[in-house]
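Dear colleague,

I am passing on the structure I mentioned, with the sequence alongside. My notes follow below it.

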Amino acid sequence: MHLQNKNILLGVTGGIAAYKAVELLRFFKKTGANVNVIMTGSALKFVGKTTFEVLSENPVLSDLFSDTKSSVKHIDLAARADAAVIAPATANTIAKLANGIADDALSTTLLAVTCPVMICPSMNTYMYQNIRVQENIDILEKDGFFILDPDSGVLACKTTGAGRLPEPWFIFDRVEAMLTKKDLRNKKILISAGPTLEAIDPVRFVSNHSSGKMGYAIAGAAEKRGGCVTLVSGPVGLKTPAGVERIDVETCEEMASQMLARLESADIIIKVAAVADYKPVNPKTHKIKKKDSTKDFSILMTENTDILKLIGKKKTKDQFLVGFAAETDDLEKNALLKMKKKNLDIIAANLVGTSDSGFKADTNKVKLFFKDGSFFDIPLMDKSKVADTLMDQIIKKRAE
Ligand code: PMT
């Protein structure tokens, strides 16, 4: 679910983490959402209203009676909201929401919303662990509110423990997940991403330019749809998508053994990783020294396991297998050959070697070829949107 054109109600209450709500607001705005901010009186003591007004391009509601000419402004906002998120949510506001108290703009508006609501508790560890606070959180959870557990660490009050507001990108990601239709609920999805590294000696290796962005975007998209996602990843510098189990590997053989160990229980397998086709024969245990007498240097390479081909041989009729083809030329011809050779249900063909698609880029342009001979073009777009479109097509083709 992308939040473009969605109406988001952002409730900010009076905690030191209120400053993080500013960045959260920017994430929503960047994605094209319309955001209305409601602040409690205590929140105003931490961050100025003007900051939220300028960044949201909307007036901030903080007082039901003096902020607006319309006395039913809170009802308008509640009726229009596609999602509400309270970040940070103090013990006081949590108690009000759990007990139906409506004595300020935020608690009054929240009583009138019918959209999904996410509560992000943030407070001192002992306050958070307090039995009344925990009871109130339980009430909200039972009532269908989404509770985002706080992070642990050193808090502003110098206590160490649970109570820190999660990072804004994470809250944003979970709001997206909250609004996403769970059309892969309980499905087991096995994904590989990133490059493999094949050692030449202890300091050198053979690899490629895969950043993992495409595979990680697919893992994130599948998790948001309710899938149980395992991501077998080559070495990349990316954060693990929320809710995804990540297994780090380095070589093709390690990737093969981790994928095969999980193959039997997988419903959908998507191989996005850029696996080295060849690896050096007998990698040296000591660093190879430079010889002044030798200008040329060659490394004898041997074939790696073709993981996808092996999975294609082993897969059952209920399993759905997707491969990627990274090509610099003859995209269609090469992709179709790979689809047949590796017994795939879909091959996602993309051009590499250009700045806006394939390796490293934030965007990609992909042509999906299906086993039945049909195809689907995904035009140049952000990799997260490519991932969502691919998941739509996988769900559609599985159902057929
Ligand atoms: O990671 P990014 O920077 O976001 O870039 C994304 C990407 C370009 C890596 C991705 O979109 C992509 O195209 N992945 C496949 C890369 C690749 O290895 O393509 P291939 O055409 O060489 O291999 C075809 C398929 O066989 C792939 O699914 C690959 O995972 C699989 N394979 C290949 C060799 C091998 N030994 N074992 C395999 O399983």
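How are α10 and α14 oriented to each other? The model is predicted, and what follows was computed from it. Two packed helices are described by the angle between their axes and the distance between those axes. For α10 and α14 (residues 383-399), the axes come within 8 Å and cross at roughly 55°. Angles from 65 to 115 degrees would count as roughly perpendicular and angles under 35 degrees as roughly parallel; α10 and α14 are therefore oblique to each other. The crossing in which α10 passes α14 is right-handed.

Now to the ligand. Its surroundings comprise 29 residues, of which S211, A273, K338, N350 and K360 are the closest. By class, this shell divides into 13 nonpolar, eight polar and eight charged residues.

- M214: a backbone N or O atom lies 2.9 Å from a ligand oxygen atom.
- I307: a polar backbone atom is 3.1 Å from a nitrogen atom of the ligand.
- F324: a polar backbone atom is 3.1 Å from an oxygen atom of the ligand.

Taken alone, the ligand exposes 770 Å², and the protein buries 96% of that area.

The elements giving two or more residues to the shell around the ligand are α10 (213-224), α12 (307-314) and β16 (320-327). β16 gives the most, with four residues.

Regards

Terms used
Residues are numbered from 1 along each chain as its sequence is written. This is a predicted model: local features need pLDDT of at least 70, side-chain atom pairs count only at pLDDT 80 or more; totals for chains, interfaces and linings use all residues. Side-chain values use heavy atoms; hydrogens and water are left out. A residue is near a molecule or strand if one of its heavy atoms lies within 4 Å of it. A polar contact is a pair of N or O atoms within 3.5 Å; within protein, one must be able to donate a hydrogen and the other to accept it, and residues adjacent in sequence count only if both atoms are side-chain atoms. Accessible areas come from the Shrake-Rupley method with a 1.4 Å probe; for residues, only the protein chains shown count as cover. Ala, Val, Leu, Ile, Met, Phe, Trp, Tyr, Cys and Pro count as nonpolar, Asp, Glu, Lys and Arg as charged, and the others, Gly among them, as polar. Axes are lines fitted to C-alpha atoms, for helices over the stretch in contact, and angles run from 0 to 180 degrees between N-to-C directions. Angles under 35 degrees count as roughly parallel, over 145 as roughly antiparallel, 65 to 115 as roughly perpendicular and the rest as oblique. A crossing is left-handed if the near helix is turned anticlockwise from the far one by less than a right angle, and right-handed if clockwise.
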